[in-house]
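The structure comes first, then the notes by topic.

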Amino acid sequence: MSDMARYSFLTRRSGSQNWYYKRDVPPELHAPGRSKQIWKSLRTPDRKRAERAYAATHADIELKLEQWRQDDNRPIAATAVARSASDLPVTPLTPALLRRLADDHYLNIYENDFAWRGSLWLKASTEEDAFWRGDIIKHPTNDWQKHKGQSYSYYALLMEEPVLEEVFLYCVYSVRKEKHRALTRLYQLGDTRDLEPSADNLLSVHQIGLCDGDRNRLLRKLMQIEIKALEDLTTGDEATFDGIVAAQVPTSHASEQKSPAQPAELASVLVEKYIEITSRERDWPIKTELRKRSELREFLEICGDKPINAYGQEDGVKFKDVESALPLYRQQGLFKGLSLIDAAKKATKLRNKGQDVELLSPPTINDKIGSVSLFFAWAKTRTVGVSNPVGDQGIKLRKNRRQGKKVHPWTIDELNRMFAAPIYVGCQSETYWKQPGQTVLRRSAKFWVPLIGLFSGMRLGEIIQLQTTDVKEKEGIHYFDVTPIGIDPADEEAVDADEEKSLKTSSSQRAIPIHKMLFDLGFEEFLKFRRASGSTRLFPEYEKAKDDGSWSKQFSKYFKRFRESVGVKRRGVRFHSLRHNVEDALRNAHVLKEVRDAIQGHGENGVSAEYGSGYYLSTLNEALQKIVYDGVRLPTNLS
């Protein structure tokens, strides 16, 4: 059979590099609310990978069409009964299926813990007073124990000369230990109720049902896995503080170097499996998939491609040492074309000679270590004898107040330089925007995107992906509806992954009132023009990047050139800095922090985040209209 016949529904789509599954719905299945054509992105520009994904997608579409046929042939009374979760086909819980579900749960725990700790650290490092009060994470209340015959409290020791990072990590450790003790007690009592949501989610993802006996077996297994994962996390894999819990946990034997009992798969082979499986299960954006693959390939380049169970602590140390010595711009100048190890060596020599070579930041290195750590956590579930070589290699982030923030707000002088640029007072054309002329680019993203950022606090990607229908009005208040995806209600099946928007977090989805200054500057006229042009997007001149799927990349490159063209070259000042200007303006207007967070798209913490639907639009509007920048000379509306 030829490839053309075998993959008859495989095609490309204009404006995207990815391959798609495209299929016309048979005429006899046409009905209100159904798409007449089905498009499904195979989420890869690579033909071979697309062919591997084709079979599963084809089977899903066949099932959908068959379901439609059954629905159309079913008596009307019967179609009114909806299937519930308990109606899923009952599947025997074989050892292989149980192991697969347990492996998924183990990886879920690691990823959730990694995200949990990262979000808490971000909160603690920016709101230190709240951390010391115990508002961000619970502090140990009684960790006294006998150590070498004497009562000993690690928390008391730390608090003699408290360091934020060390106390934070010990609090994380203590919370994990407390959860481990509680789970162990429940397991001994046979109480598995807390694991029911996790079991339901796994069964839903795999689209299977279980009989009562098998479901109970699964719940017990998931509890065992959760206890095991917490043990792994608390015995050193995630610990980055020095000697704090050494006497509380048994000495790990993971660092003892033993020859693998049997040959294992090469790490490079498992990396590709990990990326393919996890990107599909986690629904990673292309940008995330590319970043994860790049970081894991860096580990292989530095430590070598070996059997997965042959890596040890020395590999983790080597990886961290090389990454810590890498120049930030290693694809440029003296470092272009060098291997990672050679680039690190050269950067070290230059710095020893007194040259100013900027290195990777500690948070960036920690992100890479985190990606490698998650990969080895996944590999542990597949191969015997795998240890995590980077488990204790994270960098302690020392808070140096004298260095200040990495991102700074624009000063009044810098903002005035921006709005005195030819784009705002008159340039030659859209192309020759640096050259003075008679044209003010009031119909261009170059004119409006920075203004929207300055008066809304929206992220660059959120602004660029706005659709004209995202500008809405309710109760007399005009607002931007920041949503993760635009859906045509009459044709939901035709929504394709490459047309989706993307948001940083779930809390980024929000309504942002439009500041009156934007209307004073002519935003309403611009909106009418854009809608009349037939475009569905507010700024169609900037497309999603084809290499990593990000919305901000193209405009970000332009904005760097624009910023430098007006003489704003100060380190730490970029488009994202406008969010800091908004935060300062709201703070100086005495707007509550919780309202500021709602406008900026920062999530709530604690139980309060689980209740209600957020602040009223009128409350947000009242706060946002208080944004004022004294001394800033904004462009005038001459339309």
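Helix axes are lines fitted to C-alpha atoms over the stretch in contact, and angles run from 0 to 180 degrees between N-to-C directions. The model is predicted. Two packed helices are described by the angle between their axes and the distance between the axes.

**Helix packing**

- Helix H10 (residues 267-282) packs against helix H14 (residues 362-380) at an angle of about 95°, and the two axes are 11 Å apart.
- Angles of 65 to 115 degrees count as roughly perpendicular, and H10 and H14 are therefore roughly perpendicular to each other.
- On the H10 side the contact involves Ala267, Leu270, Val271, Lys273, Tyr274, Ile277 and Thr278, and on the H14 side Leu374, Phe375 and Trp378.

**Salt bridges**

- The count of salt bridges is 34.
- Lys138 and Glu178 form a salt bridge at 3.5 Å, N to O. Lys138 is in the loop between helix H5 (128-133) and strand E4 (145-147), and Glu178 is in helix H7 (residues 164-189), 40 residues apart.
- Lys138 is partly exposed at 46% relative accessible area, and Glu178 is partly exposed at 39%.
- Glu414 and Arg570 form a salt bridge with their closest N and O atoms 2.9 Å apart. This pair links distant parts of the chain, 156 residues apart: Glu414 in helix H15 (residues 412-419) and Arg570 in the loop between helix H21 (553-565) and helix H22 (577-588).
- Glu414 is buried at 8% relative accessible area, whereas Arg570 is partly exposed at 33%.
- Asp584 and Arg587 form a salt bridge at 2.8 Å between the closest N and O atoms. Both are in helix H22 and 3 residues apart, so about one helical turn separates them.
- A network of salt bridges links Arg49, Glu272, Glu289, Arg293 and Arg297.

**Arginines reaching backbone oxygens**

- Arg442, in the loop between helix H16 (422-425) and helix H17 (445-456), is buried yet has no salt bridge. The nearest side chain of opposite charge is Glu525, 7.7 Å away.
- The Arg442 side chain reaches the backbone oxygen of Leu521 at 3.0 Å.
- Arg220, in helix H9 (residues 212-237), is partly exposed at 31% relative accessible area.
- The Arg220 side chain reaches the backbone oxygen of Tyr187 at 2.9 Å. Beyond neighbours within four places in sequence, Arg220 contacts Tyr187, Gly190 and Thr192.

**Ile477**

- Ile477 is in strand E7 (residues 477-482) and is buried, with a relative accessible area of 10%.
- Not counting residues up to four places away in sequence, Ile477 touches Lys472, Pro513, Leu617, Ser618 and Asn621.
- Pro513 is 36 residues from Ile477 along the chain, with 6.8 Å between their C-alpha atoms.

Definitions and conventions. Residues are numbered from 1 along each chain as its sequence is written. This is a predicted model: local features need pLDDT of at least 70, side-chain atom pairs count only at pLDDT 80 or more; totals for chains, interfaces and linings use all residues. Side-chain values use heavy atoms; hydrogens and water are left out. Helices (H or I, at least four residues) and strands (E, at least two) are DSSP runs, numbered from the N terminus. Buried means under 20% relative accessible area, exposed over 50%, partly exposed in between (1.4 Å probe, protein chains only). Lys and Arg count as positive and Asp and Glu as negative; His and the chain ends are not counted. A salt bridge is a side-chain nitrogen of Lys or Arg within 4 Å of a carboxyl oxygen of Asp or Glu. A polar contact is a pair of N or O atoms within 3.5 Å; within protein, one must be able to donate a hydrogen and the other to accept it, and residues adjacent in sequence count only if both atoms are side-chain atoms. Angles under 35 degrees count as roughly parallel, over 145 as roughly antiparallel, 65 to 115 as roughly perpendicular and the rest as oblique. Contact means heavy atoms within 4.5 Å.
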